[in-house]
Amino acid sequence: MAEKEKDTDLTDKEAQIPGNIPVLPVRDIVVFPYMIIPLFVGREISIKAIDHALSSNRMILLLTQRDLSIENPTSGDLYTVGTVGMIMRMLKLPDGRVKVLVQGLSKAKVTRFTKVDPFIAADIKKIEEIKIPALKIEEEAQIRTVKEQLDKAVSYGKTILPDIMVVIENLDEPGRLADLVASNLGMKTEQAQEILEISDPIIRLKRVSDILSREIELLIVQQKIQSEARGEIDKTQREYFLREQLKAIQKELGDIDERAEEIKEFRKKIEDAKMPEKVLPEAEKQLKRLEKMHPDSAEAATIRTYLDWLVELPWAKSTKDNLDIKGAKKVLNEDHYDLEKVKERILEYLSVRKIKEKMKGPILCFIGPPGVGKTSLGRSIARALGREFIRMSLGGVRDEAEIRGHRRTYVGALPGRIIQGIKQAGTNNPVFMLDEIDKIGMDFRGDPSSALLEVLDPEQNFSFADHYLTVPFDLTNVMFITTGNLTDTIPGPLRDRMEIIYLSGYTEEEKLGIAKKYLLPKQLEEHGLTSKIVNIPDEGLKVLISQYTREAGVRNLEREIANLCRKVAKRIAEGKEKQFEVTAKNIHNFLGAPKFLPEEEMEHDEVGVSTGLAWTEAGGDIIYIEATTMKGKGTLTLTGQLGDVMKESAQAALSYVRSKAEMLDISEDVFSATDVHIHVPAGAIPKDGPSAGITIATALASVFTGRPVNKNIAMTGEVTLRGRVLPIGGLKEKTLAAKRMGIKKIILPKRNKKDIDDIPKYIKKDMVFIFADTMDQVMNVALIAKKEKRSKK
C-alpha cells in the first residue's frame with residue numbers, strides 16, 4: 001500500500017490561533033505546550049479532524065478523554081482544557097491508521113463545542129501564560145529545588161533522557177519548567193490534567209515539586225526492596241522477586257492486588273462453609289501457606305484446588321427429611337408394585353426419625369436378580385424422603401483410590417468417588433446408592449471392598465478420612481443403599497456391616513400388575529399410542545409374560561411390550577388398521593411363535609415319575625424326575641445336566657431307599673442286579689440345588705415298589721440318609737409354579753411352615769400344604785397303593 005507523507009517546517013510557533021478549531025481526542029496522555037509527540041490515530045472522527053486541520057491552518061486542539069475505555073467519545077467525555085497543537089508531519093499507514101507528529105503551542109479552554117459530526121470542533125479561548133518580569137528569591141529557590149529533585153530521582157533510577165535533562169538545566173521560566181518536568185515524569189492522566197489546568201506558573205511548579213517528592217519516596221522504597229531482596233535472588237526466583245516488588249509498591253500506594261483478593265475470598269468461603277473444629281485449622285493452615293507462596297508455582301495450584309474442595313463440600317448443609325409417613329408411603333407405592341418388605345423398612349426408618357431427630361443413616365443392601373427394580377427403588381426412596389440421590393457403580397472397580405481418593409503428592413490427584421458424590425449432591429445427607437457391590441474387583445492397586453468397610457460401618461464412618469482431603473468427613477447422615485445379585489461374592493466383613501434385604505423375582509401375577517400399571521402405559525406413551533388404539537387384556541399379557549419372557553425381573557417384558565408397540569405403530573403407519581385388540585390367541589401375529597413353552601401336565605399317575613418344584617432366576621418352575629430300572633450290576637446313571645449338589649441328592653436318595661428295602665417290601669437282591677437311571681427332562685438346561693432330594697427318593701421308591709406317584713401332588717425338600725426332610729428356600733415362587741400347573745397339593749418340609757406367612761394370600765388360595773418331617777411321611781402321601789390303583793382301573 002502506498003504511503004503518503006506531508007512535512008512542514010514549523011517556523012512560526014506564535015502563529016495566530018483561530019477561535020474555532022477541530023478537536024483530536026487523545027487517550028492515556030496529556031499534551032503540554034512545547035511538547036513534541038507522535039500520535040497514532042485510528043478513529044474515523046479523529047482522522048477527519050486531522051484532514052480538516054491539514055486543509056486549513058494545520059492546527060488542532062488536543063483534549064484528553066476522561067474515560068479511556070470509551071471508543072467513540074462525545075463532547076461530554078472530554079476535558080475542556082487542552083493544548084493547541086501544530087501538525088508537523090503526517091504519515092498514512094498500510095493498516096488505515098494515521099501517524100502524526102504534533103507540537104504543543106499553547107493552552108486553550110473550550111467555551112463551546114460547535115460540531116460533533118463528522119468530527120468534533122469547538123470554540124476556544126487561548127490561555128495566556130502569566131509573564132513574570134523578575135523572579136523573587138523564593139521563586140528561584142523553587143526552580144532550583146525542582147531541578148535538584150529531578151536529579152535525585154534520576155539517581156534513584158528514574159529514567160529521563162539526558163537531552164531532556166540538559167534542556168531542564170538551562171530553563172529558568174517556572175511555567176515551561178513545570179510543563180517539561182510534568183510531561184516526562186510518567187504521571188497518571190488525572191494528575192497531568194490537573195497540572196495543565198493550573199494557569200499560575202509558580203503554583204504549577206509547586207504542585208510538580210510535590211509530585212516529585214512523592215515519586216522520590218517511592219523510588220527510595222523501591223530501592224530498599226531491591227537491596228533487601230538482592231541477596232536472596234537467583235535465576236529461578238527472578239519472577240517471584242518482581243512480583244514481591246510490585247506487591248510492596250502497591251502496598252505503599254494503597255492499591256489491592258488480585259492475590260490479596262483471592263486470599264480474602266478464600267477466607268470468606270472458609271467462614272461460610274462452617275467447617276467442623278477438626279477441619280478448620282487445616283483449612284487455615286493451607287490458606288496461610290498459599291499466602292506466602294509464589295502464585296504461579298505448581299504447589300500453589302495444588303493448594304488452591306485443595307482449598308476449593310474443602311470450601312465446596314457441604315459440611316453443614318443438609319436437606320430436611322420429609323417425615324410425612326402417609327406421603328412417603330404414597331410415593332413408594334406410585335413408583336413400585338409390591339416389594340412390601342422394603343417399603344416397610346423405609347417407613348420404619350422415617351417413623352423412628354420422626355421420634356428421634358438425630359440418628360445414624362441405615363445401610364441397606366438389596367440382593368436380587370437383575371431387573372427387579374433395585375436401582376430404581378433407591379431413587380424412589382430418595383424421592384420419598386425428600387433427599388438428593390447419588391448413584392455410583394462399583395462393577396469392575398479395582399483401585400482402592402476410587403473409594404479413598406489419591407494422595408495430593410500425585411499429579412492430577414482427586415478425592416475418591418464417595419467425596420465426589422457428596423460434593424455433587426450439595427448436601428451431607430443424600431441417599432447414596434452403591435450399585436453392583438458384588439462385582440468389586442481386586443488387584444495390585446488395592447482392595448476396594450476393604451476400603452468400603454470404613455464407609456459402610458456406622459461406628460467408623462463418622463470420621464471418614466479421604467486420602468486427598470486428609471481431614472475427617474462425617475458420613476453418618478448419609479443413607480447408603482447397596483445392590484447386588486448374589487451375596488456369595490461379597491466379602492464376609494463387608495456383608496456383616498449391611499442390613500441385607502432380599503428381593504425375590506416377581507411372580508406372574510406381580511408381573512401382570514407391573515405391566516398394567518407401569519410398563520404398558522410407559523411404552524404406549526413412548527410410541528405415540530393410547531389405550532384406545534391398543535388394548536391388551538389380562539389374558540394376552542399373561543401369555544406375553546409366560547411364553548415370551550423367562551426372567552426374574554421385568555426388563556425383557558418391557559422390551560417385548562416395546563416390540564409389540566412397534567409392530568402396531570408400523571401397521572398404523574401403513575394404514576392397515578386403526579385399532580388393535582391383542583389377545584392370547586392372536587399375540588403370535590405380532591411377536592411370532594412363543595419362545596418358551598410350559599411343562600405339559602401329566603395325564604395320569606405313573607410309576608417312577610414324580611413332580612418336583614424348582615427355583616430359578618426367572619421364578620418358580622416344575623420339574624418331572626423320571627426313574628427307571630433295568631438288569632445290570634447296581635450302577636446309578638444320572639442324566640439331564642445335573643449339578644454336583646443334585647447328583648449327591650440322588651446318591652443319598654438311592655441309599656435311603658436301599659436302607660428301607662424291608663419296610664418297602666423290596667428284595668435286597670434287586671439292588672445288586674439292577675441298574676438305575678435317573679433323568680430330569682429338558683436336558684439342555686443345567687439344573688442344581690438342594691431341594692430335589694425327596695422328589696428323587698419318591699421316584700426311586702415308586703420304581704422299586706411298582707407303586708405309582710400321585711400326579712396331583714408336587715413336592716420340594718432335601719433328604720438325608722436317615723430320611724429326614726430338610727428345609728428349602730424360594731417357597732413363594734415354587735408354590736406359584738405349582739398353582740400355574742393346576743396342582744393344589746404340595747409336600748413341604750415341616751420346618752418351612754413358618755414361611756407360609758410370607759406367601760401372598762392370592763397364591764395360597766385353594767392350596768393344600770402337607771408338612772413332612774421324614775421321608776416315610778412323604779411316601780405315605782405321594783405313593784398310591786397297588787390295590788388302590790387296581791380299584792381305579
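Student: Let's start with S209. Where is it?
Tutor: S209 lies in helix 6. Keep in mind that this is a predicted model.

Student: Okay. Is S209 buried or exposed?
Tutor: S209 counts as buried, because its relative accessibility is 7%, and buried means under 20%.

Student: And which residues does S209 touch?
Tutor: If you skip residues up to four places away in sequence, S209 touches Q142, T145, V146 and Q149. With Q142 there is also a polar contact, side chain to side chain, at 3.5 Å.

Student: Now R204. Which helix is that one in?
Tutor: R204 is found in helix 6, which covers residues 201–230.

Student: Buried or exposed?
Tutor: R204 is buried, since its relative accessible area is 0%.

Student: What else is R204 in contact with?
Tutor: Leaving aside neighbours within four places in sequence, the list includes K107, G175, A178 and D179. I195 and S199 are on that list as well.

Student: Switching topic: how many aromatic pairs does the structure hold?
Tutor: There are 5 aromatic pairs. Take F580 and F590: their ring centres are 6.3 Å apart and the planes sit at 75 degrees, so this pair is edge-to-face. The cut-off for that label is over 60 degrees.

Student: Where do F580 and F590 lie?
Tutor: F580 is in strand 16 (residues 580–581) and F590 is in helix 21 (residues 588–591), so the pair ties together parts that are 10 residues apart in sequence. Both F580 and F590 are buried.

Student: Got it. What about the rings of F671 and F704?
Tutor: Their centres are 4.7 Å apart and their planes are at 50 degrees, so that pair is tilted. F671 belongs to helix 23 (residues 669–672) and F704 to helix 24 (residues 693–705), so the pair links parts 33 residues apart in sequence.

Student: Are those two buried or exposed?
Tutor: F671 counts as buried because its relative accessibility is 7%. F704 counts as buried too, at 12%.

Student: While we're on rings, what lies over the face of Y34?
Tutor: R176 does, at 4.1 Å from the ring centre. You can look for a charge over a ring at Y306 as well: the charged end of R408 sits over that ring, 3.8 Å from its centre.

Student: Okay, I325 next. Where is its place?
Tutor: I325 is in helix 11, residues 325–335. It counts as partly exposed, because its relative accessibility is 23%.

Student: Which residues is I325 in contact with?
Tutor: Apart from neighbours within four places in sequence, I325 is in contact with L347, L350 and S351.

Student: And how far apart are I325 and E560?
Tutor: In sequence they are 235 residues apart, and in space they are 36 Å apart, C-alpha to C-alpha.

Student: What does touch E560, then?
Tutor: K595 does, and K595 also touches Q547 and Y548, not counting residues up to four places away in sequence. You'll find K595 in the loop between helix 21 and strand 17 (609–616).

Student: Zooming out, how many helices and strands does the protein chain have?
Tutor: The protein chain has 28 helices and 25 strands. Its radius of gyration is 48 Å, well over the 28 Å that the globule rule gives for 793 residues, so the chain is more spread out than a compact globule.

Student: What does the C-alpha trace span?
Tutor: Along the principal axes it spans about 155 × 70 × 55 Å.

Student: How much of the chain is made up of buried residues?
Tutor: Buried residues make up 46% of the 793. As for the accessible surface, that comes to about 41,500 Å², and 50% of it belongs to carbon and sulfur atoms.

Student: Last one: what share of the contacts comes from residues 24 or more positions apart?
Tutor: That's 73% of the contacts with a separation of 6 or more.

Terms used:
Residues numbered from 1 in each chain as written. Predicted model: local features only at pLDDT ≥ 70, side-chain atom pairs only at ≥ 80, totals over all residues. Heavy atoms only, no water. Phe/Tyr/Trp six-rings, centres within 6.5 Å; stacked < 30°, edge-to-face > 60°. Helix = DSSP H or I, 4+ residues; strand = E, 2+ residues; numbered from the N terminus. Buried < 20%, exposed > 50% of the residue type's maximum accessible area, 1.4 Å probe, protein only. Lys NZ or Arg CZ within 6 Å of the ring centre and 35° of its normal. Rg over C-alpha atoms; globule rule 2.2 N^0.38 Å. Contact = heavy atoms within 4.5 Å. Areas by Shrake-Rupley, 256 points an atom, 1.4 Å probe, with all protein chains shown as cover. Polar contact = N/O pair within 3.5 Å; in protein donor to acceptor, adjacent residues only side chain to side chain.
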